[in-house]
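Here are a few notes to read alongside the model.

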Amino acid sequence: MEEMKNIEVLMDEKRVFSPGPDVVERAYIKSFAEYEELYKRSVEDNEGFWAEMAENNLHWFKKWDKVLEYDFHKPYSKWFINGKLNVSYNCLDRFINSDKRNKAAIIWESNYGYISRTLTYRQLYHEVSRFANVLKKHGIKKGDRVMIYMPMIPELSIAMLGCARIGAIHSVVFGGFSSQSLKDRIQDCGAKMVITADYGARGRKFVPLKANVDEAVEVCPTVERVLVAKVQTVTGYRTAMTPDRDFWWHDEITADDIESYCEPEWMDSEDPLFILYTSGSTGKPKGVLHTTGGYLLYTALTFKWIFNNKEDDIHFCTADIGWITGHSYIVYGPLCNGATTVMFEGIPTFPNPGRFWKIVEKYGITSFYTAPTAIRSLMREGESWMKKYDLSSLRVLGTVGEPINPEAWMWYHKNIGQEKLPIVDTWWQTETGGILITPLPGAIPTKPGSACKPFPGISPAILKEDGTPAGPDEGGYLVIKKPWPGIIRGTYGDSENKRVKEVYFSKFPGMYFPGDSARVDSDGDFWIMGRVDDVINISGHRIGTAEVESALVSHPSVSEAAAVGFPHDIKGEGLYVFVTVKGDVSPTDALKKELINHVREVIGAIASPDKLQFASGLPKTRSGKIMRRILRNIAKGDVENLGDTTTLADPFVVDEILKGML
Ligand code: WT7
């Protein structure tokens with residue numbers, strides 16, 4: 001880590017909001033004293049606490065022999081050793097002979113809104129069981145990797161649960177990623193099958209998913225089958241199908257030789273459940289591995305307590321299932337609780353910026369979970385949109401993905417929260433499986449911009465560079481000292497966990513370092529400040545600057561590139577890239593467009609640079625290292641304060657860049 005960013009401490013926010021009596025009454029944890037007692041017990045008798053939770057919240061075919069084995073120096077952690085269970089059994093079979101059998105498991109709201117589908121627990125069970133048999137028929141076995149590249153349609157959840165039922169490891173790739181990104185991920189985990197749809201509809205845009213898959217699998221010899229779900233027919237849309245490789249979902253699932261019941265596989269607690277790729281500060285995205293027992297328990301319990309989920313609640317998480325938020329808080333957390341979860345295919349601004357609120361009214365949403373970037377973009381559209389709808393069903397609001405600025409928090413509180421609903425600002429990551437730091441509604445007073453307190457069983461701390469604890473409001477590196485059931489088990493293909501060790505356990509040996517800085521105030525509340533590494537957070541999505549740079553230099557006109565983040569009103573961070581072109585190339589506007597497009601093609605639209613500046617050279621130290629701190633300050637417009645430039649090999653480069661600043 002070359003230079004620290006995001007370590008400035010901002011402390012002028014002093015407002016505190018205490019939960020009202022209605023919130024307290026419905027809450028699982030009803031007071032701060034109760035939280036404190038629970039928290040104390042959860043860390044003092046960590047294993048006892050998690051054992052009790054595992055007993056009460058999950059169904060085990062066979063109980064575990066030992067709760068936990070771990071060593072954060074190696075590092076590894078294993079939970080509920082030798083316990084046997086099945087995720088799809090826990091999310092479905094448990095409920096089909098109970099009062100929940102006719103309860104809505106998934107409510108699906110289509111992109112256009114005039115079509116919706118509800119799958120009861122019984123129906124979802126039926127579809128998943130049949131689909132699991134389809135997987136088997138096409139040769140998928142326990143441990144095989146199955147890639148899922150789909151729009152937000154119910155088949156996506158059915159595919160995940162179908163994999164879980166037979167012990168296949170799914171890896172969902174967000175539909176906004178390019179064909180090339182999909183290819184990289186398929187190759188990394190050696191997937192045997194890709195499940196996709198003919199296309200995806202998001203707002204007014206169409207994503208040619210199947211065509212992207214075709215392009216990707218051409219160079220992926222491990223892929224034997226492609227299953228294709230048909231999205232509503234668009235006039236004239238033709239899907240090319242390769243015989244013996246490609247099969248339609250609807251043909252397969254209704255086939256006569258498919259039985260309706262599929263026996264759930266008895267999975268070991270530590271058997272992999274899924275791989276989800278995420279960006280880091282170096283190289284290609286890594287395949288974060290989550291396993292069965294610990295992950296399921298952690299998402300189930302955090303979902304229940306943080307969203308105060310009760311029998312008649314309807315939960316709406318606006319994320320895409322292509323991200324961990326969707327895995328944990330659209331699919332596994334809610335379904336494992338027998339809750340009703342809403343899946344939304346579209347985008348917040350289509351057909352207009354009232355869409356979320358319309359959905360809230362239509363289904364009577366009680367818990368609503370979104371990202372600060374969505375709040376900021378809707379805030380810009382004014383208050384008239386939500387005033388048209390009845391939001392009185394709402395009871396808990398949540399945010400995730402990036403720090404929320406107090407203005408956006410207050411807007412959310414006032415306009416959506418009607419000045420009385422608790423807002424849970426939840427801090428976590430792909431690697432943590434579920435939420436680690438958050439207020440618990442009913443128990444913990446909230447502050448605009450603070451993620452507040454550790455969830456029971458979580459032991460965070462803030463350390464200074466030298467590894468000593470930071471004092472109140474001092475700021476430093478966030479670390480987690482003990483394992484929790486949802487922690488990353490490894491990255492795919494690295495059985496010795498070298499990468500995990502290097503990325504998360506080497507800055508402070510023996511502790512998990514997530515890559516964020518934070519401070520704790522004098523009340524013990526956590527304020528997350530942001531990433532300290534070369535990962536930027538665009539609209540709550542993680543992009544490694546190294547990935548963007550390597551995408552740029554893969555273009556024949558580019559000689560060198562540097563990518564940095566800059567503060568962006570809506571996205572949180574925007575992407576600013578500096579590019580030097582090869583000697584014989586002229587830096588034209590047309591080339592600029594081409595390069596931006598090139599990044600979209602290599603990675604996907606989410607990595608599309610907001611600003612691209614041509615430079616004749618990049619600021620480097622004498623040893624050839626790019627000084628990103630300088631570029632970050634330029635991108636921010638903070639040119640007064642470029643810091644020490646004396647170690648630069650060629651200080652004039654900076655003057656040149658300043659002249660061309662965007
Ligand atoms: C990074 C993880 C967790 C699901 C979505 C993103 C940032 C996440 C918060 C929050 C401040 C946050 C962190 C983290 N982040 N939640 N409430 N406040 N920052 O998952 O793609 O794995 O990204 O998002 O920087 O490290 P992810």
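**Notes on the predicted model**

1. R519 has 4% relative accessibility and so counts as buried (buried is under 20% relative accessible area, exposed over 50%, partly exposed in between, with a 1.4 Å probe and protein chains only). Its salt-bridge partner is D473, with the closest N and O atoms 2.6 Å apart; a salt bridge here is a side-chain nitrogen of Lys or Arg within 4 Å of a carboxyl oxygen of Asp or Glu. Because D473 lies in the loop between strand 21 (460–463) and strand 22 (476–480) and R519 in strand 24 (residues 516–520), the pair ties together parts that are 46 residues apart in sequence. D473, at 25% relative accessibility, counts as partly exposed.

2. A word on the ground rules: this is a predicted model, in which local features need pLDDT of at least 70 and side-chain atom pairs count only at pLDDT 80 or more, while totals for chains, interfaces and linings use all residues. Residues are numbered from 1 along each chain as its sequence is written, and side-chain values use heavy atoms, with hydrogens and water left out.

3. How many salt bridges are there by this rule? The count comes to 45. One of them joins D268 to K84, with 2.9 Å between the closest N and O atoms. D268 lies in strand 13 (residues 267–268) and K84 in strand 3 (residues 84–85), so this pair ties together parts that are 184 residues apart in sequence. Helices (H or I, at least four residues) and strands (E, at least two) are DSSP runs, numbered from the N terminus. D268 counts as buried at 17% relative accessibility, whereas K84 counts as partly exposed at 23%.

4. Please look at R632 and D534 too: they form a salt bridge with the closest N and O atoms 3.8 Å apart. R632 sits in helix 19 (residues 628–636) and D534 in the loop between strand 25 (526–531) and strand 26, so the link spans distant parts of the chain, 98 residues apart. R632 is buried at 12% relative accessibility, and D534 is partly exposed at 22%. Elsewhere, salt bridges that share partners join K447, K453, D521, D523 and D525 into one network.

5. Strand 26 (residues 535–538) holds I538, which is buried at 4% relative accessibility. I538 and G401 are 137 residues apart in sequence, yet their C-alpha atoms are 9.4 Å apart in space.

6. Helix 12 (residues 355–363) has R355, F356, W357, I359, V360 and Y363 as its buried residues. Just after helix 12, G364 takes a positive phi of about 65°.
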